[in-house]
Amino acid sequence: MTFSTLALVTALGLLGPVLSARKSWHLPLILGPMLAGVVFGTTGFRVLDATEPTFAFLADIGFAIVMFVAGTHVPVRDPAVRAALGAGALRAAAVGVIAAALGAALAAAFGTGHAALYAVLMASSSAAVVLPIINSNHLIGAPVLALTAQVAIADTVCVVALPLVIDPPTAPRAALGALAVGVTAFGLYLILRWSENSGLRSRLEAVSEEREFALQLRISLVALFLLSAIATTMHVSVMLAGFALGLAVAAVGEPRRMAAQLFAIGEGFFAPLFFVWLGARVNLRDLVDHPRFILLGLALGLGAIAAHIAMRLAGLPIPLGVLAAAQIGVPVAAVTVGEQLGLFAAGEGSALILGALITIAGAAIAAGRATSGSSGPPPSAPASPGAAPATPS
C-alpha cells in the first residue's frame with residue numbers, strides 16, 4: 001500500500017459526511033465509504049485491492065475499533081434501559097424464533113445449508129446504527145426504551161453466536177475462542193472497576209490531561225489489541241474482541257476524554273478506511289453472474305425487516321421495528337470469516353452484504369417516520385456524558 005492509495009482511501013471516506021449532511025435523509029455515515037469502495041474496488045474500477053496485506057490489516061484494526069466504540073455506547077448503565085430489559089429480551093427472543101424459521105426456509109430454498117447463519121443475521125440488530133439514530137432524532141417514550149434494550153440484547157447475543165453457527169464443525173473451537181475473549185474482557189472489566197473505585201483512573205486522567213499523555217487511549221488500545229490477538233489466535237473475529245471490550249468499558253463508564261480520543265482516531269481514519277475496504281472487497285459482479293443470490297440478498301434483508309416488524313403484535317410501532325432490523329457488524333464478520341474459510345458459494349457473501357444494505361435503507365426510511373411521531377430530548381445518553389457518537393457495527 002502506498003501513500004497515494006492511502007490518500008485516495010481517506011478522501012473516499014469523506015463521502016460519508018457528504019451524503020449524511022442532509023439530516024432529513026437519515027443516511028448512516030457508513031453508506032458513503034461503502035459505496036465509494038464498491039465503485040473503486042472489485043466491483044467497479046478495481047483501483048483498490050482489498051486483498052493487499054497492509055490495506056487488509058488496517059481494515060482489521062478499523063473493524064476492531066468500530067466494534068469497540070459500538071460496545072461503549074450500549075447503555076448498560078442506564079437505569080431506564082435496564083428497567084425495559086424484560087420486554088426487550090422477550091421481543092429479541094421472539095424475533096430469534098421467527099428468524100430461525102425464515103433461515104431454515106431460505107437455506108432450503110437456495111440449497112446453501114446455512115440455516116443457522118441466516119437466522120443469526122436476520123435476528124441481529126446493530127446497536128451502533130440504531131442508538132445514534134435514536135439520539136440524533138430525539139426519539140422518546142416507553143417503546144423507544146424497550147427498543148433500546150431489545151437492540152442491545154440482540155446485538156450482544158448475535159455477536160457471540162456468529163462464530164458458533166458460521167461453521168458448525170468448528171463450533172467447539174469457536175466456542176473456546178469466544179470464551180477466552182469473554183473471560184479476558186471480564187478480567188479487564190474487574191481491573192477497570194478497581195481502578196475506578198480506588199481513584200486510580202481519576203488520577204491517571206488528571207495527569208494525562210495536564211501533561212497531554214493520552215494515557216487512557218493508549219491503555220485502551222493495548223487492551224483492544226490484546227483481545228484482538230487472542231481472538232485471531234483462536235480463530236474468532238476481531239468483532240467479538242472489540243465489542244466485548246467496549247461492553248466492559250461501558251459497564252464501568254467511559255471517560256469523556258477517552259471517548260473524544262476514540263472518536264477522533266476511529267471516525268477520523270480507521271472507521272472510514274474499514275468501510276471503504278469493505279466496499280472494495282465486495283464483488284457485486286458475482287451477483288450478476290449468479291442472479292439467484294440477488295434474490296437471497298433481498299430475502300435476507302426483507303426477512304430481517306419482517307421478523308422485526310412482527311413485534312408490532314407485542315406493541316412495538318412498525319417504524320421502530322424496521323429501525324431495529326438495521327445490521328452491519330454481524331454480516332461483515334460473517335462474510336469475512338466465511339470467505340476466509342471458503343464456506344460460501346460465489347456470490348453468497350455479496351448477498352449477505354446486500355441484505356445488510358437493505359436493512360440500513362429501511363432504517364433510514366423508518367427514522368423519518370419515527371421522528372414525525374416522536375420528538376424531544378434523547379431518551380438516554382451514551383455511557384458517559386459528552387461521549388462521541390458511535391460508529392456503526
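# Close-up views of a predicted, all-in-one-chain model

View 1. Helix α7 is mostly covered. Helix α7 (residues 115-123) is mostly covered, since seven of its nine residues are buried, where buried means under 20% relative accessible area, exposed means over 50% and partly exposed lies in between (1.4 Å probe, protein chains only). The buried residues of α7 are Leu117, Tyr118, Ala119, Val120, Leu121, Met122 and Ala123. Helices here are DSSP runs of H or I with at least four residues, strands are runs of E with at least two, and both are numbered from the N terminus. This is a predicted model, in which local features need pLDDT of at least 70 and side-chain atom pairs count only at pLDDT 80 or more, whereas totals for chains, interfaces and linings use all residues. Tyr118 and the largest nonpolar core. A nonpolar core is a set of buried Ala, Val, Leu, Ile, Met, Phe, Trp, Tyr and Cys residues joined through side-chain atoms within 4.5 Å, and the largest one in this model has 108 residues. The residues with the most contacts inside this core are Leu117, Tyr118, Leu323, Ile328 and Leu352. Helix α4 (residues 53-72) gives the most to the core, with 12 residues. Tyr118 touches Gly103, Leu106, Ala107, Thr112, Leu296, Leu300, Glu348 and Leu352, if residues up to four places away in sequence are not counted, a contact being heavy atoms within 4.5 Å. In soluble globular proteins, nonpolar side chains tend to be buried together.

**View 2. A second core, and Thr359 in helix α19.** A second, separate core has five residues, among them Val322, Ala325, Ile358 and Ala366. Thr359 is found in helix α19 (residues 348-373), and with a relative accessibility of 0% this threonine counts as buried. Leaving aside residues up to four places away in sequence, Thr359 touches Gly301, Ala304, Ile305, Ala325, Ala326 and Gln327.

View 3. Phe40 is partly exposed, at 24% relative accessible area, while Phe45 counts as exposed, at 60%. Phe269 and Phe270 also form an edge-to-face pair, with 4.8 Å from centre to centre and 70° between the planes; here Phe269 is partly exposed at 26% relative accessibility, and Phe270 is buried at 14%. Phe63, Phe274, Phe275 and Trp277 form one aromatic cluster.

**View 4. A charge over a ring at Phe293.** Arg292 lies over the face of Phe293, at 4.4 Å from the ring centre. A charge is taken to sit over a ring if NZ of Lys or CZ of Arg is within 6 Å of the ring centre and within 35 degrees of the ring normal.

**View 5. Two salt bridges.** A salt bridge is a side-chain nitrogen of Lys or Arg within 4 Å of a carboxyl oxygen of Asp or Glu, and by this rule the count comes to two. In one of them the side chains of Glu196 and Arg201 meet at 2.7 Å, N to O, with Glu196 partly exposed at 30% relative accessible area and Arg201 buried at 17%. Arg281 forms a salt bridge with Glu339, where the closest N and O atoms are 3.1 Å apart. Arg281 lies in helix α14 (residues 256-281) and Glu339 in helix α18 (residues 329-340), so this pair ties together parts that are 58 residues apart in sequence. Arg281 counts as buried at 18% relative accessibility, whereas Glu339 is partly exposed at 39%.

**View 6. Phe225 and Arg173.** Phe225 lies in helix α12 (residues 215-233) and is partly exposed, with a relative accessible area of 41%. Phe225 and Arg173 are 52 residues apart in sequence and 21 Å apart in space, C-alpha to C-alpha.

**View 7. The chain around these close-ups.** The secondary structure of the chain comes to 19 helices and zero strands. The radius of gyration of the chain is 20 Å, close to the 21 Å that the globule rule gives for 393 residues, so the chain is as compact as a globular protein of that length; this radius is taken over C-alpha atoms, and the rule is 2.2 Å times the number of residues to the power 0.38. Along its principal axes the C-alpha trace spans about 60 × 55 × 45 Å. Buried residues make up 53% of the 393 residues in the chain. Of the contacts in the chain with a separation of 6 or more, 82% are accounted for by residues 24 or more positions apart.

How values were computed. Residues numbered from 1 in each chain as written. Heavy atoms only, no water. Phe/Tyr/Trp six-rings, centres within 6.5 Å; stacked < 30°, edge-to-face > 60°.
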